[in-house]
Amino acid sequence: MNKKLQDKILAEIRTKAIEKDFERKNEQEINEMREANIEALTELTSLSRKEIEAIADGVKKDHLLKQKQKKNRIIIFSISVIFIMFIAYLIVKPKPELKTRIVTDDFSNNSFEWSTYNNFNYNRYFKNNQYIFENNKSEWCYWDNIAVDLPKNYDVELSSSWQNGKFDGYGLGLLNTNTDYFAFVLRGDGSVSFGEVVDKKWIIDDPWKSDVANKGKKQTNIQRIEVRDRNFNYFINNKLVRSGILDLEIKKLALRCCGQQTVAFIDLKVTNTDTKKVLLDENFSKPSEQWKPEKDFLAESSVKDGKYVFNCNNDNNCYWSTSEMLKITDNCEIELSSTWLSGELGDYGLMILSDDNNYYSCELQNNGEARLVECKSDTYVYVQNYIKTGLESDGKQTIKQKIIIKNGDMTYFVNDQRIKTVPANLDFPCKIAMRNCGKQSVAFDNLSIKYFE
């Protein structure tokens with residue numbers, strides 16, 4: 001043991017011995033004083049020593065009891081004060097901020113891989129000096145026609161090229177009306193045929209002849225019909241295919257395409273064979289205004305210019321776009337802005353989906369009305385009556401839809417106006433979707449998802 005530690009121990013022993021001696025002397029003095037008081041009171045009063053000692057013990061007990069009670073009251077008071085202060089602290093203390101994770105999409109690009117639509121029946125357009133027909137409906141034929149004043153004797157020549165799709169009929173139509181006409185057709189597999197329709201019924205429908213035309217993708221074929229006083233000869237690449245009689249007055253020429261395929265029409269020429277005058281020479285470099293390029297679409301959408309533009313053209317049908325990269329929990333907030341652009345009155349807006357058959361649809365219309373719809377197993381189980389929000393749109397107003405999912409409930413807002421609160425009966429995590437119905441165009445933008453953690 002070193003000297004420094006030994007000195008410290010000895011000093012502590014001396015301190016404790018002095019304290020003990022002081023306590024003993026103090027206790028001895030108190031006992032001597034008590035004994036002297038008892039002796040004096042015995043001589044001054046008629047009470048016996050035993051009686052005086054009993055009184056002394058009683059007084060001592062009373063004082064000790066009062067001292068203990070006072071001490072207890074102090075303890076109780078102190079505990080009460082501490083408890084009150086603790087409760088007050090719990091009430092007024094700053095609550096910890098709820099942690100949030102925010103995901104946004106400004107649609108500057110399709111980084112979240114939203115599904116897009118290009119659903120159409122047909123699409124006709126001019127491109128690279130060609131008239132392109134894209135057909136997308138099986139067992140249907142579409143055509144575009146042009147009026148021509150035809151002489152007694154003439155030749156009609158059409159060059160075309162099959163691009164892709166199914167091997168279905170396409171080619172040239174000689175029309176009296178849209179219900180009475182002749183069809184001179186071929187297919188991408190090299191087959192050719194001829195038919196006549198009267199009052200929408202095929203009265204001539206030749207079987208397909210194989211291996212006549214050029215086969216395959218982007219192979220050019222030239223159809224020529226030589227008409228001499230109602231008699232005709234039909235040629236493919238200078239091969240005679242069919243002869244017959246045109247027993248209908250021909251008023252129009254039509255470019256015809258059927259089924260699901262794409263065809264490029266390259267050149268259409270009509271020549272008076274008596275005068276050698278060219279009556280029509282259409283190479284589509286400067287197309288005649290009689291042609292009607294158009295698109296008969298059902299739904300089309302794309303991400304461009306910071307928006308998801310959603311066009312629909314199908315009565316009583318709805319389409320929606322989802323992202324497999326975005327999922328929501330049962331404790332979150334979703335905001336989506338949209339602008340109705342044009343079209344008829346119809347529903348559009350924000351959806352929450354477990355799958356395509358189980359979802360909530362938060363719907364809005366351009367007249368400012370909104371509602372909530374619940375679908376279970378592909379059946380509407382709840383359809384809210386429309387609520388008037390006063391947010392009627394003329395194609396310029398941007399409106400914000402918001403959904404808050406919390407504590408088992410889901411609340412739908414339009415511009416912070418509450419539309420409906422319902423139990424969130426979904427299997428989380430769920431997908432969200434942008435929805436459009438009927439015949440209208442809507443631009444969605446500025447999506448925000450806050451996840452509360």
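Which residue lies over the face of Phe235? Select Phe235 in this predicted model and bring up Arg224 beside the ring: Arg224 lies over the ring face, at 4.5 Å from the ring centre. For another contact of this kind, move to Trp208, where the charged end of Arg187 sits over the ring, 4.3 Å from its centre.

Next, turn to the aromatic rings, among which 24 pairs are counted. Select Phe194 and Phe232, whose rings form a tilted pair with 5.1 Å from centre to centre and 40° between the planes. This pair links distant parts of the chain, since Phe194 belongs to strand 8 (residues 192-198) and Phe232 to strand 11 (residues 231-236), with the two residues 38 apart. If you colour by accessibility, both Phe194 and Phe232 come out as buried. Then select Phe107, Trp114, Tyr117, Tyr308, Phe310 and Tyr319 together, as ring pairs link these residues into a cluster.

The last stop is strand 24 (residues 398-406), which can be followed through its pairing with strand 18 (residues 332-343), an antiparallel arrangement held in eight bridges. Select Lys406 and you will find it opposite Asp409 of strand 25.

Technical notes. Residues are numbered from 1 along each chain as its sequence is written. This is a predicted model: local features need pLDDT of at least 70, side-chain atom pairs count only at pLDDT 80 or more; totals for chains, interfaces and linings use all residues. Side-chain values use heavy atoms; hydrogens and water are left out. Two strands pair if DSSP finds at least two bridges between them. Helices (H or I, at least four residues) and strands (E, at least two) are DSSP runs, numbered from the N terminus. Rings of Phe, Tyr and Trp (its six-membered ring) pair if their centres lie within 6.5 Å; planes under 30 degrees apart count as stacked, over 60 as edge-to-face and the rest as tilted. Buried means under 20% relative accessible area, exposed over 50%, partly exposed in between (1.4 Å probe, protein chains only). A charge sits over a ring if NZ of Lys or CZ of Arg is within 6 Å of the ring centre and within 35 degrees of the ring normal.
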